Amino acid sequence: MRTSARPTPSPVAGPQGHSTFTDNDGRFEMDGLPAGRYPIFAQKPGFSSDQGSLHNAPITVDVGVSTDNVVVELMPQSAISGRVLDANEQPIEQVQLRLIYLDMRDGHRRLEPRGYAQTDDDGRYRFANLMAGTYYLAAGPAEDRSRILVADEKPKSSYPLVFYPGVPDRASAAPIQLAAGQQMQADFAMTLQPNYRLSGTVSRYSPSSGASVVFFDTSGDDLSIPVKVDTATGHFTADSVTAGSYVVK
């Protein structure tokens, strides 16, 4: 494990840092530091720490004639992986997955995106280097790639957005409680649904300002449904909408 210390910036002191490696017992020592207050950071591949992140202050130590021992804690990083299969248990490739972190801050729930992944030709995906915590995981939407479409032909079916463990929205999804160092397996089973066309016109549309049309589910999550907007008239068309309830903005 590598540890480093940087003096707190001041009109005189610059951002020069000091670093060292721990021994086999995890102990470290830094000599020759000028007196002052230092934030201490530690890093090691495969481990994570909240120190210095947006919501957690780093450990600080006052260096002087008598300085107490400093304990820096690292947690093993976790991972979520799995496969996305169809109703016949065949792998679905090029399905996008999104990971959402549930952060509790000042008594309020905040949802933060924590990355995207895509299935390979065996339907597998993986999110690595994760901190312990609560996550929501969603797969899709995705096109039906089992048929070869002729020019200008619209797909007749697609895979709708699915939240783990296989529900249509985040409100009914099961949160994934990830412990430090845990390797979580989260598989999805997706079923093709008939596509419908939804069209309309943006009211009070101005060609000079333009507009975009976005589909959300009832939990407020963007569904990434392709929408074509006529820039001259504000008329929009979505050809890959499966049955369900939507919020269109």
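Select D103 to begin: D103 is buried, at a relative accessible area of 11%. Buried means under 20% relative accessible area, exposed means over 50%, and partly exposed lies in between (1.4 Å probe, protein chains only). You are looking at a predicted model, where local features need pLDDT of at least 70, side-chain atom pairs count only at pLDDT 80 or more, and totals for chains, interfaces and linings use all residues. Residues are numbered from 1 along each chain as its sequence is written, and side-chain values use heavy atoms, with hydrogens and water left out.

Stop 1: R105 and D103 form a salt bridge, with their closest N and O atoms 2.8 Å apart. The term means a side-chain nitrogen of Lys or Arg within 4 Å of a carboxyl oxygen of Asp or Glu. Salt bridges with shared partners join D103, R105, E112 and R114 into one network.

**Stop 2: strand β8.** Strands (E, at least two residues) and helices (H or I, at least four) are DSSP runs, numbered from the N terminus. In β8, seven of the 10 residues are buried, so this strand is largely enclosed by the rest of the structure. Next, show β9. β8 and β9 pair antiparallel over nine bridges; two strands count as paired if DSSP finds at least two bridges between them. R105 has H108 in β9 as its bridge partner. The two strands form a hairpin with two residues between them, and D106 in the turn has a positive phi of about 55°. Then show β11. β8 pairs with β11 over six bridges, also in the antiparallel sense. Here L99 has L137 in β11 as its bridge partner.

Which residues is Y125 in contact with, leaving aside its neighbours within four places in sequence? Among them are I80, R83, L97, L137 and F188. Contact means heavy atoms within 4.5 Å.

Stop 3: The structure holds eight salt bridges. Select R83 and D122, whose side chains meet in one of 3.1 Å, N to O. R83 lies in β7 and D122 in the loop between β9 and β10, so the pair ties together parts 39 residues apart in sequence. R83 is partly exposed at 21% relative accessibility, and D122 is partly exposed at 29%.

Move to D62 and R37. Their closest N and O atoms are 2.8 Å apart in a salt bridge. D62 is in β5 and R37 in β3, so this pair ties together parts 25 residues apart in sequence.

**Stop 4: an open sheet.** Finish with the three strands in the order β19-β22-β21, paired antiparallel. The edge strands are β19 (196-201) and β21 (228-229), each pairing on one side only. Five bridges join β19 to β22 (residues 235-241).
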